[in-house]
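I opened a notebook page for this one. Below is what I looked up, in order.

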There are 4 protein chains.
Amino acid sequence: MVSGRQVESGSGPIRYGMVGGGQGAFIGAVHRIAARMDGEFELVAGALSSTPEKSLASAADLGLDPKRSYGSFAEMAKAEKRRKDGIEAVAIVTPNHMHWPAAKAFLEAGIHVICDKPLTSNLGDAKKLAALVEKSGKVFVLTHNYTGYPMVRHAREMVANGELGDIRLVHAEYPQDWLTEKAEASGSKQAAWRVDPKQSGVGGASGDIGTHAYNLARFVSGLELDSLSADLDSFVEGRQLDDNVHVMLRFKPKGEEKGAKGMLFASQVAPGHENGLKVRVYGTKGGLEWVQADPNYLWYTPFGKPKQLITRGGAGSGPASARVTRVPPGHPEGYLEGFANIYAEAARAIRAARPGGKPDKDVVFPTVQDGVEGVAFVEACVKSSKKNGAWTKL
Amino acid sequence: MVSGRQVESGSGPIRYGMVGGGQGAFIGAVHRIAARMDGEFELVAGALSSTPEKSLASAADLGLDPKRSYGSFAEMAKAEKRRKDGIEAVAIVTPNHMHWPAAKAFLEAGIHVICDKPLTSNLGDAKKLAALVEKSGKVFVLTHNYTGYPMVRHAREMVANGELGDIRLVHAEYPQDWLTEKAEASGSKQAAWRVDPKQSGVGGASGDIGTHAYNLARFVSGLELDSLSADLDSFVEGRQLDDNVHVMLRFKPKGEEKGAKGMLFASQVAPGHENGLKVRVYGTKGGLEWVQADPNYLWYTPFGKPKQLITRGGAGSGPASARVTRVPPGHPEGYLEGFANIYAEAARAIRAARPGGKPDKDVVFPTVQDGVEGVAFVEACVKSSKKNGAWTKL
Amino acid sequence: MVSGRQVESGSGPIRYGMVGGGQGAFIGAVHRIAARMDGEFELVAGALSSTPEKSLASAADLGLDPKRSYGSFAEMAKAEKRRKDGIEAVAIVTPNHMHWPAAKAFLEAGIHVICDKPLTSNLGDAKKLAALVEKSGKVFVLTHNYTGYPMVRHAREMVANGELGDIRLVHAEYPQDWLTEKAEASGSKQAAWRVDPKQSGVGGASGDIGTHAYNLARFVSGLELDSLSADLDSFVEGRQLDDNVHVMLRFKPKGEEKGAKGMLFASQVAPGHENGLKVRVYGTKGGLEWVQADPNYLWYTPFGKPKQLITRGGAGSGPASARVTRVPPGHPEGYLEGFANIYAEAARAIRAARPGGKPDKDVVFPTVQDGVEGVAFVEACVKSSKKNGAWTKL
Amino acid sequence: MVSGRQVESGSGPIRYGMVGGGQGAFIGAVHRIAARMDGEFELVAGALSSTPEKSLASAADLGLDPKRSYGSFAEMAKAEKRRKDGIEAVAIVTPNHMHWPAAKAFLEAGIHVICDKPLTSNLGDAKKLAALVEKSGKVFVLTHNYTGYPMVRHAREMVANGELGDIRLVHAEYPQDWLTEKAEASGSKQAAWRVDPKQSGVGGASGDIGTHAYNLARFVSGLELDSLSADLDSFVEGRQLDDNVHVMLRFKPKGEEKGAKGMLFASQVAPGHENGLKVRVYGTKGGLEWVQADPNYLWYTPFGKPKQLITRGGAGSGPASARVTRVPPGHPEGYLEGFANIYAEAARAIRAARPGGKPDKDVVFPTVQDGVEGVAFVEACVKSSKKNGAWTKL
C-alpha cells in the first residue's frame, strides 16, 4: 500500500519571508499553510502589504518580529541580505505585475524565490526573469500547485512509462463560476485585480486559470505545444479581460508519432463549477482522467479492459505519487497538501543548494521555464483570438 | 411525482416496414424494439438486406410473411403502395448513402418515413430530401434518438423557460473508443461501413457521432449555429475518414444578447469512453449538465445556490419529461426507452396525419430540417478543417 | 465487446392474458411493456380490474377483444381453457392476497403463470402454491425483476466462479422515501393497498421491497439463510404495517467455510432515496457492489488491486450478462429491460414446455421456491421483531 | 461564499509534547501535521517510543532538544511540570491501553491532554479518566477527527436547526479491507497491536473504527443511544478480536418523538473499501448523506424536492462549517485539515483556559465523555454479541 514518506527533517526549518499576503489576501494564507505543513519552513519576515501600516498589522497577526516587517520588498531584500540570520527564501504572492520586480530584487540579493503563477504579467518580463534565474543560480519555484497532487504525479509517471502508448489527445478544462456576475463591481478584492489589465496583464481567465490547465496538460502528457487557435470572450459587460477561453491545441510530434491534438476550456462564467479543473489524456493503449475536485482518484482505462480507479496510496499507485503522499489511501488529501508538496520539493531543492548539499534527482517542481511557457500561452491566446482564431505558435 | 403517461392506445398498431436491419446489423434491431415497446407499431414488411437470400432469412427470423420480404426498397415501395393493408410507414436503417434514394421511393409512394441519422451522405441529397418531404406532406422523423431522453426534454424546457437566463456557453462531447485500433481491418461490419466514404459520406466520427452531439447542443439550447472552426484527424493509419473531431462554435445572437460560444469534441479513439455523449449549457442564471450514460439525472445549478440533481419523474421534473416517461423515478429508463420515445412521437404524428386525425401540438421529434443542419455541420467541419480551421458558415 | 443476443424469434408470440393491471394500476403496464419488448408475447385476454365495467374500459384501452375481457380471473381461466386459441400463459399483477387464488385457477386450467412478487400474502398460501406448481408441471415465474439486470447476472456468475473466494459478508438495502408522509391518507392507490394487511399480508416494507433485497442477496451470493434478527417499525402514525426494516442475517455455511453474515435495510421513509436498491458482497478474494439506479455498472475490487468498473456488454463482462443484453456498452439499459429479461426467460421456458420443445439449460428466473423463501423471510422478520429481535429460522 | 477564517493567531504557538508517535508509527505523524497546520502548536518534548534509544532517534528526526526526549511518559510529565518553559499540552498517540496511565500522569501534572481514540482499553479506565478530567479542570480533547470535517459540522448544524424534522433513522458504516488477510502475521505493526487484546482492549474493529462510526452518528444526529443488538465476528482464522461488526441501534426518544432507529456496520475485511466511513440521517422533513472519502460534499434531500449537493464553503453551507474551513469551495480539504480542526479547537480551548483567557462558546471538540460513551459502546457490542444479540444498554 502506501509507503509513508518522511515529511519532517531534523535539520531545522528554512527561514523565509513573504511579499504580499497581508490582511484580506487569499493566496498568501495558502502559501503559509503549505510552508508550515511539513515543518520545513519558518516565516520570519514580510512585506505583506502595499502600505506600511497594513503590513505591520498583518505582521502582528502572524507573530512576526516588527523589525522584520518591511514597507517594501526592496527594503526587505536589502535588509535581509545583510542579516546573518536573514531569509534563505522568499514567497512572492502579489498580483502578477509585481512578480518580476520583486523576484528580481530577491534573486539579486541571493535569495531563493517561490513565486505564485502566472510568472509575470507579460512575456518580456517573463523572459528577463528566466534569464536572471539562470544567471543567479538560485532556486526558483513557480507554484503551479496542481502538479503537487499525488495522482497527477502518478498520471505523469504512467504516460512517461508508456502505459498509454503514443499520446493522441490531451483535453484540459478549468471552468469556474465566480465571475458569472460582475463581482469586481461589488467590492470583491480577489475579482478586482484579476480583471484589471494593469495588475493581471493581457489575460483574464486565460492567465488566472488557463495557465493552470495548460501547465497541467503539459506536465501530465510530457508534450510541448506547437500552436493554438483561440476564441476568447468577455461575457460580462464592461469587463476588460477575457472571462471565457476556448482553445484548440496542436502539440509537437514526438519521435515518429504524429503530433497530438487537444482542446482547452477555461471559464469564470460557467455556473455549477467551483474549481472544475480536469485533465484527460488518450493514447493508443489507454486513457486517463483526473479531476481536481476529487484529487485522490485517477481513472485509468487500458484499452479493451475495464476502467480502473487508482487511488492515492492505494493499489496501482507508484513511487512518483508515494513521494508526495502523507497518509494512507481512503483518507483524502486535498488542495493544501498538493500545495505543500510544491513547498516540500522547494525545501529539498533549497537544502540541496546549500554548501555541501546533495541534489535529489527526483525533485520535481514547476520552473521558471514553465512560467515562461505559461505567459507565452496567454499571449498566444490573445493574439490568436484577435486574429479570429489563426493558428499561432507560442 | 411522475404522472404515468399512457403509452398504449386502443386503436391498433401502425403497420410499418423496414429497409436494412437484417442479420448482422445493429441499429435495425434497436429500431424494432423501439417500435414495439409501446405497442404502437407492427412490423409487416421488409427489404432487410442487400441480397434477396439474406433478406428472406432475416425476414424469417422476424416472423414476416415471406411475400412481404422484398429484394429491394424500390420493389417494396411499389408493392406496399398497392396493397390495401400496405405499410403506413417505413423505417430506413441502412448505411447513410442509401437514406436518400430509399426515402425518396417511400415518400413518393405516400408512405411516412422514419430514418436513421445522419440524414444523408452529402448536403445535396439532404436538401433534395427536405424539399421532397415538404412537397409530400408526409411525416418524416429522423432518429436523433438522444432527444427522446426525458431529462434532455426537461433540460430543453428549462432553457426555453428562461431558467438559465441568457445562454453564453454550450459544450457538447461524444467520445468513444471502439475505433482506437483498426477495427475495420478485423472484420467489424459496423466499423467497415462507417469508415468508408462511399457509404458514410465525407464525415467519419463527425457524421456518425458529431452530428448527434451537434443536434443535442441545438436541441437543448434552442440556438442556431453561426459558424464553426474545426480541426479533424484520422489518427489510425490508413483510415480515410476522420476519427477525431475538435470544433469551436459560434452561435447566432438571440434578441439583444451576444451570441453564445461553444466547443464540440467527438472521438472514436478515446480509450475509456463507451458512448460518452455529454452536453453542458451555461447561462447568466445557471448551468446544466447531462450525461447520456446516466440519462435519468440532470444536474442543475442555479447560480449562487447548491447544485441540484433533478431525476426523471422526480421532484423538479416537469411536463416535457413526464410526456416521455414510463416508470416512476428511481427505476432507470435507458437508451431503448429514449429511442422508443422517438417512435412514440412518430406514432402520434402519423395518427394525426390520418384523415380526421387531430394534431398534437406537443409532439417533438427531429425533423428533416434538423437532418439538413446535421449534414451541413459535417460538411462545414470538413471544409473548415481543410482550410486550417477557418471560421466557416453552415 | 457485446455479443448482441437474438431477442426475436420467428415462431410467433406466446398468447397471454393478464389479471389486474387495469386503469390506475402501475405494475401491470410495466409487465405489458416487458412482455412486448422482445416480441415474444401477445396480450389477448384480461381480467384487468375487480369491477367488470372498469375491466372493459381497461381492455378497450389496450385494444383487447371485448369478448376476452373477463369479469373475474375464475371466469377467464375457465373460458380460456376451452378456447382453441386460448392463452398459454397468464400474468398476475394484483395486490398480494389475490396471487394464490388466481394462480391456482390458471395452473389448474393448465396455463403457465407469471406472477408478481411477493408470492402470496402469507406462508400457508405460498406453500400450497409451491406444491400445486410442482404437481401441475407448469412454468411458474415470479417477477423478482432485479434478477434480470445483466450486471446482477454477472455478479452472480463471478461469485459462482469463485472470483470472490469464500463469501463472508452480504449487505443488501432498499431504501425509498415515498411513504415518508401518510400518502395512504392522501388518495394514493399504490400506497393504500401496500399498507393494508388484508391485501399485503403481515409485511409492509418488508414484503414490498424487503423481499426484493433479500431475493437479490440470495441470488447474487448463492447462499441460503440460516436465521435472522429483525427490528421493524411503523414510523408514520397509524400505519399498520412496517415502513422500516432493520435485519441482521446469518447464512448457512457452505462446505467447510464459516457461515457468512449480512445486514438488510429496507425503508419507505428514507428521504433522498427513490429506489435505492443496492447489494454488496465481500469475500476472501474480493468485493462487489451493484446499485439498481445505475444498473449498467458493477464495481469489482480484487483484493489488493485497483477497483474496476465492469460495464454491461463491456470488457470484463461475460456470458451470463451477454445472454440478457440488447445493446452495446455505453448505451444504458434500464428497469424495463431488466423486467423484460424475466419475460424473455419465461418465453424460453414456455416454448421449451411445448410438445417437442427443447429445454434451455441456461434459463434463469425466480421460481415459486424463491417466492416461498421470500414470504418466509417476511414472516420471520415479523416474528423476530415481535420477540425483540430474537434470532429466528426461516 | 466562503468566509475565510483566521487560522493564525499572533500570540505565539502552544508548546506541546508527544507520547508515542516515534519511528514506524502512523498516527503520531498525523497529529504533528495537524498541530502544525495552523501554526498554533510547537512540538518541544516527547516520550516517543517505549525504548529510550528509539525515542532519542525519533526525537532527533523531529529536531527536538535531546534533553526533552524522555524515556517514559512519567519522567516527561514530571520534568516538564518543573520547567518554566514546560509544555502546556501533551498529545497521547500510543496504543489504547496506555491512554489512561499517560493521561493520568499529565493531568496530575496540570498539563492539558489531547488523546487519540478510543479513550481507553476498558470502561473502568475510561470512567476513572473522566472523573480525573473533571477534577483537574484541564482541557481534554479526544481526536475523533471526523467531527472536524466542515461538512460534518454543517450536517450537525442542519439537524440541530430542525431542517430534517424529527430524526427517524441514523445509519453509519465504516468498512475497510486492510485486514482481509492475516496482516498481523506478516509484520504489520499497525495490524499487530490492533488485534492484540492486551493493547486494544476487548474490541477489534468495534474499537478501532466502530467507535468512529458511532461517534459520528451521535455527533451529527445529536441523539443518545438507548440500547444495541450486536453480532461480531472474527473472520480471519486465529484473530482474537472482532474484525466485523453488525449492530442494530435504538436511540432514546427526544421530547414527544418516538426514538430513532439505526444500523452500524464496521469491518476490516470488506474488499474495496479503504476508509469507507459514511453516515446517513433521515428525518420527517429530509435526509442527509456524507461520505468521508469525498468529504467536501454533503448530500441533502428536502423531502419532495430535488437532492442538493452542498459543498464546503459553497452556497448552502453555513457558519458551523465556515468556522473550520480554510480555502474556498472547489479546492478540496481533506483528512489532515479535518484533523487540524480538532487541534485548532483544542488551541482555542487551551488559550481560553489561560489566566485571563476568554472562553469561545462555539468551540466544539470530542470530550472525555464522548470517549466514555465510545468505550461503553464497544463493551456493549461485545456483551450483546456474546449473548446472541440481546438488546443491551450502554
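Which rotation superposes chain C on chain A? I found a rotation of 180° with 0.0 Å of shift along its axis, at an RMSD of 0.0 Å; copies are superposed by least squares on the C-alpha atoms of residues with pLDDT of at least 70 in both. That is the relation of a two-fold axis. In chain C, the C-alpha nearest the axis belongs to Gln308(C), 2.3 Å from it.

I noted the ground rules. This is a predicted model, where local features need pLDDT of at least 70, side-chain atom pairs count only at pLDDT 80 or more, and totals for chains, interfaces and linings use all residues. Residues are numbered from 1 along each chain as its sequence is written, while chains are lettered from A and ligands numbered from 1 in the order in which they are written.

Next I looked at chain C against chain B. Their contact takes 33 residues from chain C and 33 residues from chain B, two residues being in contact if their C-beta atoms, placed from the backbone, lie within 7 Å. On the side of chain C that touches chain B, α1(C) gives the most, with five residues. Helices here are DSSP runs (H or I, at least four residues), numbered from the N terminus.

Last I checked a helix pair. Helix α4 (residues 99-108) of chain C packs against helix α5 (residues 123-136) of chain C at about 10°, with axes 10 Å apart; axes are lines fitted to C-alpha atoms over the stretch in contact, and angles run from 0 to 180 degrees between N-to-C directions. That makes α4(C) roughly parallel to α5(C), the word for angles under 35 degrees. Among the residues that meet are Trp100(C) and Leu107(C) in α4(C), and Leu129(C) and Val133(C) in α5(C).

How values were computed
Helix = DSSP H or I, 4+ residues; strand = E, 2+ residues; numbered from the N terminus. Parallel < 35°, antiparallel > 145°, perpendicular 65-115°, else oblique.
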